[in-house]
Structure formats: structure tokens, C-alpha cells
Amino acid sequence: MLNSTRKIFALFILCLAITAVAAAQAPAGTTAVPTKVGVIDIQRAILATNEGRRDFEALTKKFEPKQVELKTLNDEVENLKKALTAQGDKLNEEERGNRGRVIQQKEKNLQRLLEDAQQDFQTQQGELAQRIGQKMIQVIENYARANGIALVVDGSNPQSGLIWASEQTNISQQIVDAYNTQSGIAAPPAAPRPAATTPAKKAPATPPKQ
């Protein structure tokens, strides 16, 4: 989903590291050389921003009708299968074959629609992540320079080579906060919780007559 964002982030890390090396090779007496390392889970950071939460929730809502359609088709296929199983012994060979072919065709159609919907969703999800990720890179750079960080590693990318990092090096939340401040986008409203139901009170037992 975030392969493009990861590539952009990897290039940013390389540039930041080169800058740090250049600073280390500068003559003595110049600006202090940054030595700290920061770790960020870029995937979670993107999803945790107010913009990310807002846009991904909107995307999910956009695909809700498609989910309903796919569920309806799946229920139809399952009902046909159950009917064929229940009535199979009462049907002649030709009728069983016809029903079986109908089920197979509907299953193929359902699978095709499901794959198309997943591909469409993932494509739009990736576009959102890439758009936010590109803007987040500038936020990361500004934060790193302001806090003396020489290297930022993407902890969500297995290709980063990161094996272990202290929690003190995790700057994900700081980047999310800085991004929210820069974007000026308010947090989306929290989803309403279902109202708690009060258990019905049982009527007191009627004492037996003396």
C-alpha cells in the first residue's frame, strides 16, 4: 500500500544522512554535529494524522455500498449452495448440473467483483498515503533539524535494517502532532458509541400463599 511512500522516505533518509556526514566533516568551530537517531512508523503516522484519519474514513465510507453489494451476492451464492445440498437427492442429474453451473458462474462473478473492488480500494488508499507521506517528509526534516537528529529510520519498513530501537528514539507521535499543527486540519469527530442497554428488571417473585 505504501511502497511509493517508503521509496520517497528512503531517499529522504539518504539525503539526511549525507547532510549529517557533510556536517561531521566540516571544520571545527562550526555548527554542532547532530548525533541523535529517530525512529518512525511511517505507516501508522500517516494513518494517525487528522488528515489521514479523515480521508481514510471517507474512503471507507465511500466503499460501503460496494461492501453491501458483495455481501448480498455472497449470501445469494451461499443460499443456492445450501438449497442444492438440501434438495440434491430430489433433483435429476440435469437439474443438479444446471444449478451447479449457475452457482459456479455466480462464484466467478463474485470473485471478479471482489478483486476489482479490492484493487480499486488499495489504489485509492495508496494515493492518499502517498499524498500525505510526501507532505510528512518535510515535517520530519524540519523536526529532525530542530532537534539535532542526524538519522531517521522507518521502523515499519523491513528493508530498513532496523532490528531494535529504544522507545525513547520513537518520534512517531511528535511527527503526527507537528503534521496536525502544520496542516491545521481538526481531528474528525469520534464515532458515536452504541447506547448501553439497561437490563430489564425481573418482577419480584410472588410469595406462595399460606
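At what angle do helix 3 and helix 5 pack, and how far apart are their axes? I worked on a predicted model, in which local features need pLDDT of at least 70, side-chain atom pairs count only at pLDDT 80 or more, and totals for chains, interfaces and linings use all residues. Residues are numbered from 1 along each chain as its sequence is written, and side-chain values use heavy atoms, without hydrogens and water.

Entry 1. I found an angle of about 170 degrees between helix 3 and helix 5 (residues 93-146), with the axes 11 Å apart. Helices are DSSP runs of H or I, at least four residues, numbered from the N terminus. Axes are lines fitted to C-alpha atoms over the stretch in contact, and angles run from 0 to 180 degrees between N-to-C directions. The two helices are therefore roughly antiparallel (over 145 degrees).

Entry 2. I listed the residues in contact (heavy atoms within 4.5 Å): among them are Glu51, Asp55 and Phe56 of helix 3, and Leu128, Arg131 and Lys135 of helix 5.

Entry 3. I then looked up Glu51, which lies in helix 3 (residues 50-62). Glu51 counts as buried because its relative accessibility is 3% (buried is under 20% relative accessible area, 1.4 Å probe, protein chains only).

Conventions. Buried means under 20% relative accessible area, exposed over 50%, partly exposed in between (1.4 Å probe, protein chains only). Angles under 35 degrees count as roughly parallel, over 145 as roughly antiparallel, 65 to 115 as roughly perpendicular and the rest as oblique.
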